[in-house]
Amino acid sequence: MARRFLERVQNWLSQLGGQNGTAPHEPRIISRDEHNISRQNISESAKKVLHRLNRSGHEAYLVGGGVRDLLLDGHPKDFDIATSATPEQVHELFRNSRLIGRRFKLVHVLFGREVIEVTTFRGSPKDADNDPHMDVNDQGRLLRDNVYGTREEDALRRDFTVNALYYDIRDFTVHDYAGGVKDLHNRQLRLIGDPVIRYQEDPVRMLRAVRFAAKLDFTIAEDTAQPIREMSYLLEDIPPARLFEEVLKLFTAGQGETTYGMLKRFDLFAPLFPESARAIAEGEPDGVIREALASTDRRVRQNKPITPYFLYAALLWPALQQAWRQEEAETDQPPYQALQQAAGETIQNQTQATAIPKRFSTPMREIWELQLRLDKRSGKRADRLLEHPRFRAAYDFLLVREAAGEDTQGLGAWWTEYQDADADRRREMLRALGGGGKKRSGRKRRKPARNNS
């Protein structure tokens, strides 16, 4: 299987240009007067790294998303550099750097809080059996690939054509190896090479395709999109810790609602959130997910902070609702205890797909449990809840539930008023609940109402 995979790699590299995987012709060189990249829009730190590498006799280029976004008149968040220098040579040139990476060794050059990532030109895979730097599993996925190569090989090893663009600060030209400028013009995302091979090589590329298409408002080329549904199962073999990081990238960039729709369309949501996907397929509504993502997108646009545990609380809400209902049906536990049991099972099941660090899973559980406690407002409970460290997140989650159509009997409006009310008004609101602020005997605990539409 692995040998057939490598033979197929060689075939498409040969189609692109020769047995050595080099380009079939020289790259298209786009001169300064033909593109819109201005050095003023490039990070000063990135320019320092480029100039020092070039002065030291190495080739060095601004690459990838930085060049892509500059050509789209955007403002890149990160500036990455590719060079002919080895990681050790780069590290020696920059005292403010560190070597990192297992699968790919690279260098981070640190300028305060800004990090410039520098990678050595990567070569094409040739013979996994004889190359000590290459590991390929039976499914064709690259486990280790630290082969150094030429700039041309490095370009063809990149994932999408729009990321295979190189900016040369020495003469201000852009080098286009795979037709990326044309795809930028057509606002189209296209993999370099055979999509089946590229997804086998690294299944996370399917998630990257969705993320970039949503971020850039691009369409995914037909040949790049076609294999995704039938290959989405490959994500099940990706380490959960890596998928946790990919989920954050997918849903915290400001296009989470669009991304969610695309993940579902390409059958990529289920490998990431299998229990929620199953619950939705069996009738649980996903309105809380959509509303939470829309809210997160607004916060990103407003430069407000966002929290992973809030997102995960929403993404797992359908799974929790189903597990909670099942727990109550099969046991005789009160609603709060049933909720706690369901929450534990939901989190445990989810960690088989994507890891959830405890610093996020614990506050996520608190948000869920507070949905029940927010209805218990008599006596001093309301004031104690206001002091809870997760009150604000739980209150926001309550509003998301209401916006998604769940009937909470006006609980969100009550808490909105109570937070801003003076002491006299708060006493009036508590008395209006009944019982003069005392707990009413025989009242059955009520869990959050569910929208079963």
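These legends accompany several close-up views of a predicted model.

Local features are drawn from residues with pLDDT of at least 70 and side-chain atom pairs from those at pLDDT 80 or more, while totals for chains, interfaces and linings use all residues of the predicted model. Residues are numbered from 1 along each chain as its sequence is written, and side-chain values use heavy atoms, with hydrogens and water left out.

**View 1. The whole chain, to get our bearings.** The protein chain has 23 helices and 12 strands; these are DSSP runs numbered from the N terminus, with helices being H or I of at least four residues and strands E of at least two. Of its 453 residues, 51% count as buried. Here buried means under 20% relative accessible area, exposed means over 50%, and partly exposed lies in between, using a 1.4 Å probe and protein chains only. Take the contacts between residues at least 6 apart in sequence: 69% of them join residues at least 24 apart. A contact means heavy atoms within 4.5 Å.

View 2. The one shown here pairs Lys215 with Asp69, whose closest N and O atoms are 3.8 Å apart. Because Lys215 belongs to helix H8 (residues 204-216) and Asp69 to helix H3 (residues 65-71), the pair ties together parts that are 146 residues apart in sequence. Lys215 counts as partly exposed, at 37% relative accessibility, whereas Asp69 is buried at 10%.

**View 3. Arg242 meets Asp202.** In this salt bridge the N to O distance is 2.9 Å. Distant parts of the chain are linked by the pair: Arg242 sits in helix H11 (residues 240-251) and Asp202 in the loop between helix H7 (195-201) and H8, 40 residues apart. Arg242 is partly exposed, with 27% relative accessibility, and Asp202 is buried, with 8%.

View 4. The closest N and O atoms of Glu284 and Arg325 are 2.4 Å apart in their salt bridge. Here too the pair links distant parts of the chain, 41 residues apart, with Glu284 in the loop between helix H14 (274-281) and helix H15 (287-301) and Arg325 in helix H17 (residues 317-330). Glu284 has a relative accessible area of 10% and is buried, while Arg325, at 30%, counts as partly exposed. Look also for Arg157, Arg198, Glu201 and Arg205, which are joined into one network by salt bridges that share partners.

**View 5. The surroundings of Tyr260.** Tyr260 lies in helix H12 (residues 256-265) and is buried, its relative accessible area being 0%. Beyond its neighbours within four places in sequence, Tyr260 is in contact with Phe251, Phe269, Ile280, Asp286, Ile289, Arg290 and Leu293. Leu293 is 33 residues from Tyr260 along the chain, and their C-alpha atoms are separated by 8.3 Å.

**View 6. Helix H8 crossing helix H12.** Two packed helices are described by the angle between their axes and the distance between the axes. The axes of H8 and H12 come within 9 Å and cross at roughly 140 degrees. This makes H8 oblique to H12. On the H8 side Leu207, Val210, Ala213 and Ala214 meet Thr258, Thr259, Met262 and Leu263 of H12.

**View 7. Glu406 and its polar partner.** Glu406 is found in the loop between helix H21 (391-403) and helix H22 (411-420). With a relative accessible area of 9%, Glu406 is buried. Its side chain and that of Trp317 are joined by a polar contact of 2.8 Å.

**View 8. Leu70 in helix H3.** Leu70 is a residue of helix H3, buried at a relative accessible area of 4%. Setting aside neighbours within four places in sequence, Leu70 is in contact with Asn36, Ile37, Asn41, Ile42, Leu62, Pro76 and Phe79. The C-alpha atoms of Leu70 and Arg39, 31 residues apart along the chain, are separated by 9.9 Å.

Methods:
Salt bridge = Lys/Arg side-chain N within 4 Å of Asp/Glu carboxyl O. Polar contact = N/O pair within 3.5 Å; in protein donor to acceptor, adjacent residues only side chain to side chain. Axes fitted to C-alpha atoms, helices over the stretch in contact; angles between N-to-C directions. Parallel < 35°, antiparallel > 145°, perpendicular 65-115°, else oblique.
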